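I opened this structure for the first time today and kept notes as I went. The entries below follow the order in which I looked things up.

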Amino acid sequence: MVEQILTVIREYERFAVTSHLSPEADAIGSQLAVKHILEALGKEARLVLRDPVPETLRFLPGADSIQSVGHFSREPVDAWFVVDCGQVNRVGEGILQLLQDHPLIVNIDHHVDNPLFGHINWVKVTASTTMVLYELTQHLGVKITPELATCLYSGIVADTDSFRNANVSADVLSVATELVRCGAPAREIAVQIYERRTLPEIRLLGHTLLNAQVMDGVIWSSIPQELFRRTDTSVNDTERLVEELRATDGIRVALLFKEMGTGKIKVSLRAKKEGLDMSRIARLFGGGGHKQAAGCLVPGTLEDVEARVIQEVKGALKTELHG
Ligand SMILES: [Mn+2]
């Protein structure tokens, strides 16, 4: 499959690149990395995302070139790259339609449950999609500029939760080392990703921690619409709140429930240790993700969804304990 991707890149000239809804550093870092790689080879790359680039990720080199669906040119392209998408419908409305009739979709991802929706698929279970793209640069012999290094490194930092998740390996650390050597500004990237919370976000974090409940090794907190209103925040301001819950000593699983105001509840699931599969539980509710970090969007009320998800998590903990 790597060979096929190399052939596509060498044979064709015009590419489009996209990623998932609510894009984070691995999604945008991967998308921009593909652009830098293609342009280094003299190819044309157009980028589109359904959701806007978050303010805190605008530092990623090339972020300004990412277009909204409305502004995206409908000029034909030879191939589409879809990066960091565990499911094709995660690209969102508008882009999904553009992909549907295209004869050449290249799917590059690291989600274990990726159904290989592309015509060419390179799905490797590793820390980040940018890890896979680093490998692509090695196959292509593309020089890693500071800009490309910044995009690749940011994806690794975000998806390892700053080198703290179980997906950190010697390989991940050595790629990260190489990227810093190539000019990725490690401290600057850490500040951009972790230390740019607004005061309303900090207040929302405070409420989330105050409202947390713990039972049988599970910690959870819920954010009703009313709390979003009171703190002048939205679901976009909940990045990494669940990781703060997971920092509690002695817990096994952390859950965050967010009332979307659309009759649906967004659930983030985090396992403290390897072994418990959060993506399996997320899939029961129509979601997906990784073993240690997963999510789902569930129709229902806050109380109802809380009860159902917590019951599944407790069941999984029990099964793990007793065999
Ligand atoms: Mn990712």
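**Entry 1: Asp84 and the ground rules**

I began with Asp84, which is buried because 30 other C-beta atoms lie within 10 Å; by the rule I used, a residue is buried if 20 or more other C-beta atoms lie within 10 Å of its own, exposed if 12 or fewer, and partly exposed in between, with C-beta atoms placed from the backbone. I noted that this is a predicted model, in which local features need pLDDT of at least 70 and side-chain atom pairs count only at pLDDT 80 or more, while totals for chains, interfaces and linings use all residues. Residues are numbered from 1 along each chain as its sequence is written.

I then placed Asp84 in the loop between β4 (79-83) and α3 (95-100); helices (H or I, at least four residues) and strands (E, at least two) are DSSP runs, numbered from the N terminus. The phi angle of Asp84 is near 65°, a positive value in a residue other than glycine.

**Entry 2: the whole chain**

Stepping back, I found 12 helices and 12 strands in the protein chain. What radius of gyration does the protein chain have? The value is 20 Å, which agrees with the figure near 20 Å for a compact globule with 323 residues; the radius is taken over C-alpha atoms, and the globule rule is 2.2 Å times the number of residues to the power 0.38. Along its principal axes the C-alpha trace spans about 55 × 45 × 40 Å.

Of the 323 residues, 41% count as buried. Among contacts between residues at least 6 apart in sequence, 67% join residues at least 24 apart; two residues are in contact if their C-beta atoms, placed from the backbone, lie within 7 Å.

Over residues 15-156 the chain is 32% helix and 18% strand, with the end C-alpha atoms 24 Å apart. Over residues 231-317 I read 34% helix and 28% strand, with the end C-alpha atoms 34 Å apart.

**Entry 3: two helix pairs**

I turned to α2 and helix α5 (residues 146-159), which pack at an angle of about 155° with their axes 8 Å apart; axes are lines fitted to C-alpha atoms, for helices over the stretch in contact, and angles run from 0 to 180 degrees between N-to-C directions. The two helices α2 and α5 are therefore roughly antiparallel to each other (under 35 degrees counts as roughly parallel, over 145 as roughly antiparallel, 65 to 115 as roughly perpendicular and the rest as oblique). Residues making this contact include Gly29, Ala33 and His36 of α2, and Leu148, Cys151 and Leu152 of α5.

Helix α1 (residues 2-11) and helix α4 (residues 129-140) pack at an angle of about 65°, their axes being 11 Å apart. That makes α1 roughly perpendicular to α4. Here Val2, Ile5, Leu6 and Ile9 in α1 meet Leu136, His139 and Leu140 in α4.

Is Ala33 buried or exposed? Ala33, in helix α2, counts as buried, with 35 C-beta neighbours inside 10 Å. Leaving out residues up to four places away in sequence, Ala33 touches Thr130, Leu133, Leu148, Cys151 and Leu152.

Lys43 lies in the loop between α2 (25-40) and β2 (44-48) and counts as partly exposed, with 17 C-beta neighbours inside 10 Å. Beyond its neighbours within four places in sequence, Lys43 is in contact with Ile9, Glu13, Phe15 and Leu38. Lys43 and Arg10 are 33 residues apart in sequence and 8.9 Å apart in space, C-alpha to C-alpha.

The C-alpha atoms of Thr319 and Arg283, 36 residues apart along the chain, are separated by 18 Å.
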